[in-house]
Amino acid sequence: MSFSNQLRKENQDIYQKIFTHPFIQGIGKGDVPKEALIHYIKADYEYLNAFMHVYGIAISKSPGREDIQLFNEQIDFVLNSEVHPHNNFCEQIGVTYEELQGYPLPPTADHYIKHMLFHAHHGGIGEILAALLPCPWTYYEIGVELMNSYQPGSDHPFLPWIEFYADAEVKSLTAVLCERLDQHAEHASESEKWRMREAFRKSCQLEYAFWDMAYTQEQWPCEKEGVK
């Protein structure tokens, strides 16, 4: 079994918890509270900005062009493609995408970003890949899970979101990251592989926590309303 498949198997409990979260099930049913969607988009916009920064750090650590090209392609996908599912949510709640940009991060999103930055600054390429991989991998599987469970028709409000993440392009991007992680794991020491496992597990846990943060509209203690 490949290293990435081992990680997926070890974290089945978190994946299943994500699939059954009320926010995810609400996407499948076409019924997510407006304020939860707003909270999600505000946080995810800033999260994806940070995600691209982490890819940039990975580029600076890449020993050769193969990894540089890989991370550059991932930046392009986040920058130019992942606006589409955000726009789908915005269209359904009647709020423009631009209105939801530039807000402070809620606690969970803030922690998730700092978790990725920690591994980006202190780890090698394999460790960075392990920290980043759960995001695209869980989203792809969420898309497939919702497509299979709900079989949304053309009138489903979140069909573009579900189709986007269940698409073969997201599957291919995820597969390439898995393959590269496996290549780095082949030459990693046991301590390095332990750090990869830890980074991957925590990112999976934080993926679940991110959905929960949005659904519960998590705020910092004593947060002042209207502060941007």
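A residue counts as buried when its relative accessible area is under 20%. In the predicted model described here, Phe19 has a relative accessibility of 5% and is therefore buried. Tyr15, at 1% relative accessibility, is buried by the same criterion. Tyr15 and Phe19 belong to helix H2 (residues 12-19), and because they are four residues apart in that helix, about one helical turn separates them. The structure contains 24 aromatic pairs. One of these is formed by Tyr15 and Phe19, whose ring centres are 6.3 Å apart; their planes stand at 75°, so the pair is edge-to-face.

The axes of H2 and H9 come within 10 Å and cross at roughly 50°, so the two helices are oblique to each other. The crossing of H2 past H9 is right-handed. On the H2 side the contact is made by Tyr15, Ile18 and Phe19, and on the H9 side by Trp137, Thr138, Glu141, Ile142 and Glu145. By class, the residues of this contact comprise five nonpolar, one polar and two charged.

Helix H8 (residues 125-132) packs against helix H7 (residues 107-122), with axes that come within 8 Å and a crossing angle of roughly 165°. Angles over 145 degrees count as roughly antiparallel, and H7 and H8 are therefore roughly antiparallel to each other. H7 passes H8 in a left-handed crossing. H7 contributes His115, Met116, His119 and Ala120 to the contact, while H8 contributes Glu127, Ile128, Ala131 and Leu132. Five nonpolar residues, two polar residues and one charged residue make up this contact of H7 with H8.

H8 is mostly covered, with eight of its eight residues buried. The buried residues of H8 are Ile125, Gly126, Glu127, Ile128, Leu129, Ala130, Ala131 and Leu132. The elements that cover them include helix H4 (34-61), H5, H7, helix H9 (134-150), H11 and helix H12 (190-216).

The loop between H7 and H8 holds Gly123. With a relative accessibility of 7%, Gly123 counts as buried. When neighbours within four places in sequence are left aside, Gly123 is in contact with Lys61, Phe118 and Ile128. Ile128 is also one of the H8 residues in the contact with H7. The C-alpha atoms of Gly123 and Ser189 are separated by 13 Å, the two residues being 66 residues apart along the chain.

A further helix pair is formed by H5 (residues 65-80) and H11 (residues 168-186), whose axes come within 12 Å and cross at roughly 150°. H5 and H11 are therefore roughly antiparallel to each other. Their crossing is left-handed. In this contact Glu66, Asp67, Leu70, Gln74 and Phe77 of H5 meet Glu169, Val170, Leu173, Val176, Leu177, Arg180, Gln183 and His184 of H11. The contact of H5 with H11 has six nonpolar, three polar and four charged residues.

Arg180, located in helix H11, has a relative accessibility of 15% and therefore counts as buried. Not counting residues up to four places away in sequence, Arg180 touches Glu66, Asp67, Leu70 and Leu129. Of these neighbours, Glu66, Asp67 and Leu70 are in H5, whereas Leu129 is among the buried residues of H8.

Backbone torsions were also examined. Most residues other than glycine have a negative phi. Gln151 has a positive phi, near 40°, and is a residue other than glycine. Gln151 lies in the loop between H9 and helix H10 (159-166), and at 63% relative accessibility Gln151 counts as exposed. Gln217 likewise has a positive phi, of about 55°, although it is not a glycine. Gln217 is found in the segment after H12, and its relative accessibility of 33% places it in the partly exposed class.

Methods: Residues are numbered from 1 along each chain as its sequence is written. This is a predicted model: local features need pLDDT of at least 70, side-chain atom pairs count only at pLDDT 80 or more; totals for chains, interfaces and linings use all residues. Side-chain values use heavy atoms; hydrogens and water are left out. Axes are lines fitted to C-alpha atoms, for helices over the stretch in contact, and angles run from 0 to 180 degrees between N-to-C directions. Angles under 35 degrees count as roughly parallel, over 145 as roughly antiparallel, 65 to 115 as roughly perpendicular and the rest as oblique. A crossing is left-handed if the near helix is turned anticlockwise from the far one by less than a right angle, and right-handed if clockwise. Contact means heavy atoms within 4.5 Å. Ala, Val, Leu, Ile, Met, Phe, Trp, Tyr, Cys and Pro count as nonpolar, Asp, Glu, Lys and Arg as charged, and the others, Gly among them, as polar. Buried means under 20% relative accessible area, exposed over 50%, partly exposed in between (1.4 Å probe, protein chains only). Rings of Phe, Tyr and Trp (its six-membered ring) pair if their centres lie within 6.5 Å; planes under 30 degrees apart count as stacked, over 60 as edge-to-face and the rest as tilted.
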